[in-house]
Amino acid sequence: MFLVVRPQAAMPIPLTMWTQTPTTPAHLYLDTKAPLVRASVSMEKPTTHFYQVEMVFPPTDATIRRLSMPTWIPGSYKIRDFAKNIEQFQAFDSSDKPLSWRKQDKATWAVEVPAGEALKVRYSLFAYEFSVRTSYLDSFYGFLNPASAFLYEEGKKHWGYRIKVKPAADWTIATALPKLDEHLFLADNLDVLIDSPMMFGPLRRHEFDVKGIPHYWVIAGDVNKNEAGMVEALQKIGTTVGDLFGDFPFDRYYFLTAYRLDGARGGLEHANSTLVHANADHFRTRDGWDRFLSLMIHEYYHAWNVKAIRDQSLSEFDYQREQYTELLWLHEGWTSYYDTILMNRAGFWDAKRGLAEWSKVINGYNQRPGNHYQSLAEASFNAWIHYYHPSFTTKNSQTDYYRAGSLSGLALDLLIRHKSKNERSLDTVMARLYRDFGAQRKPINWDLVARILQEVGGKSAVNFLDTYIRQANPLPMEKFLGYAGIEVAEAKVEETEEAPHQPPKPVSLGIQTKTKDDAVFVRHVWRGSSGWQAGLDFGDEILAINNRRVTASNYDKILQWSHPGDEIQVLVSRGNHILTVPVTLEEKQEVVKLKFDGDKASDLQTSIFQALFPPDSTAKENSKQETSWHP
């Protein structure tokens with residue numbers, strides 16, 4: 001006989017996990033009236049990279065039960081077909097009698113079940129893709145993204161889930177899900193389950209509070225860094241983001257982090273946790289430390305902007321089909337703006353370091369022709385077919401709602417500050433979106449965002465939305481940066497009196513190159529450039545320039561023998577054919593460098609600049625943390 005298992009008094013749960021508070025979304029807590037799906041996960045031999053999964057679904061009146069696995073995971077807009085990793089699927093009734101089943105489509109199993117009978121399924125899950133979007137298991141540790149691991153029944157997304165985990169020997173478990181005991185966890189419904197990654201292994205944990213909210217930093221794998229310093233940095237992140245919004249959308253938060261030595265990097269946001277991957281050795285450098293902190297800010301900020309401030313187009317998840325939104329420039333782009341600007345506000349960077357970072361972002365933006373051809377709204381809508389499916393024409397034809405979106409956040413922030421004499425800002429917009437919608441569990445849409453912008457920034461902010469978000473008009477960053485007294489200058493090498501001659505202006509073929517062994521290949525041809533007009537092609541191997549043999553080490557030197565406007569002969573190998581391509585050289589695009597001159601700036605410009613780059617930064621103190629790793 002099937003029993004619906006519910007929490008009993010003999011299995012106490014901490015009061016904070018069950019009692020709603022004004023700052024706690026109701027969807028994080030178990031609705032004890034809903035039926036429960038019982039699931040178990042084991043990892044009997046981690047070196048095979050297989051999890052063993054069993055799920056028991058409550059009785060219904062249906063005689064054909066349809067079980068599906070999600071095809072994508074929220075926060076990553078690409079169909080990933082997680083069902084491809086399921087093997088040895090079996091179905092049984094409550095007495096373990098085998099049941100007939102068939103595959104209905106790529107992600108759905110149709111099982112014949114007597115009416116009123118529970119349905120039990122077992123399967124093996126292959127988990128060897130090291131990604132924050134999938135599941136993984138090896139002899140060192142493992143993690144589960146439930147979207148890539150568990151089935152759900154059609155029409156029963158409201159059912160609760162009781163997950164029992166049997167970890168490998170001596171391994172522990174970390175997840176933000178409410179816990180009944182050391183190995184037993186509960187999810188209110190399918191959305192909460194999918195939003196709650198789980199990590200297993202010989203885990204290390206650090207616990208700290210941010211304004212009374214418990215936070216946990218969980219470490220899987222070896223990592224070469226100052227852990228005490230990182231805990232302090234994570235506390236600063238929590239305080240800085242919490243101060244921006246004035247409240248927290250969760251009553252606990254988990255930073256789940258996995259480390260390895262092969263360049264791993266990535267993060268995925270969840271309502272009260274994040275799963276982050278990083279290179280274990282990056283913390284030997286200041287750049288590695290900074291990249292990790294900005295990633296942690298990005299994913300943490302998403303708990304407000306994406307999870308709480310939720311897109312109406314994504315307010316009800318369809319886990320089998322694409323869901324389209326025009327707001328990823330806000331959700332991802334503006335989050336990217338804050339993951340950079342908050343590095344200064346939290347005291348990790350001084351003004352010089354912050355300006356250097358924005359210089360890099362602007363240089364990358366200026367180089368991309370696609371900003372002239374695709375709007376940020378269109379890039380958001382087409383994320384399913386563009387962002388996660390790059391091609392040779394991506395940079396020439398498409399904008400990037402992360403990089404370009406972050407610059408739109410910077411530009412709009414500066415515009416609002418300028419028009420309001422620094423009394424309002426993009427902070428005001430985000431706090432309003434959270435207060436009026438996120439904290440009230442009301443979704444947002446384009447019109448609501450435009451209304452808030454109108455109220456905070458006036459007509460000019462709404463015009464910005466129409467001109468630079470809705471349309472493919474490149475951002476005039478020099479104009480907006482001027483509101484903060486920030487000058488855009490070409491980063492030229494200073495000439496000295498001792499120089500015997502004036503060096504020629506740098507030249508370019510209008511391409512990006514890549515090297516393999518000692519050979520040089522065309523990686524990208526910029527749209528409209530001299531190389532584009534002459535007919536250089538993706539994948540061309542550059543053999544010689546003006547009869548001089550080209551190698552990886554001398555390519556730049558040989559190119560600089562010529563001047564802008566010179567026609568040179570480029571010998572290439574293309575499809576096993578040797579071709580000579582005449583190319584008229586163009587002047588290489590200058591790299592820009594941002595600078596601020598306090599003597600020239602007005603009082604308003606100075607106040608805006610200091611709001612972005614606080615003068616009381618503790619970056620020097622924080623640099624001690626960055627360099628005090630464990631050898």
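**Reading salt bridges in a predicted model**

The side chains of lysine 211 and aspartate 243 meet in a salt bridge at 3.1 Å, N to O.

Q: What is a salt bridge, and how many does the structure hold?

A: Side chains of opposite charge can pair when their charged atoms come close. A salt bridge is counted where a side-chain nitrogen of Lys or Arg lies within 4 Å of a carboxyl oxygen of Asp or Glu, and the structure holds 27 of them. This is a predicted model, in which local features need pLDDT of at least 70 and side-chain atom pairs count only at pLDDT 80 or more, while totals for chains, interfaces and linings use all residues. Residues are numbered from 1 along each chain as its sequence is written, and side-chain values use heavy atoms, with hydrogens and water left out.

Q: Which parts of the chain does the pair of arginine 345 and aspartate 427 tie together?

A: These two side chains meet in a salt bridge at 2.8 Å, N to O. Arginine 345 lies in helix H4 (residues 328-345) and aspartate 427 in helix H9 (residues 426-438), so the pair ties together parts that are 82 residues apart in sequence; helices are DSSP runs of H or I, at least four residues, numbered from the N terminus.

Q: Is aspartate 427 buried or exposed?

A: Buried means under 20% relative accessible area, exposed over 50%, and partly exposed in between, with a 1.4 Å probe and protein chains only. Aspartate 427, at 16% relative accessibility, therefore counts as buried, whereas arginine 345 is partly exposed, with a relative accessible area of 25%, and lysine 211 is exposed at 54%.

Conventions: Helices (H or I, at least four residues) and strands (E, at least two) are DSSP runs, numbered from the N terminus.
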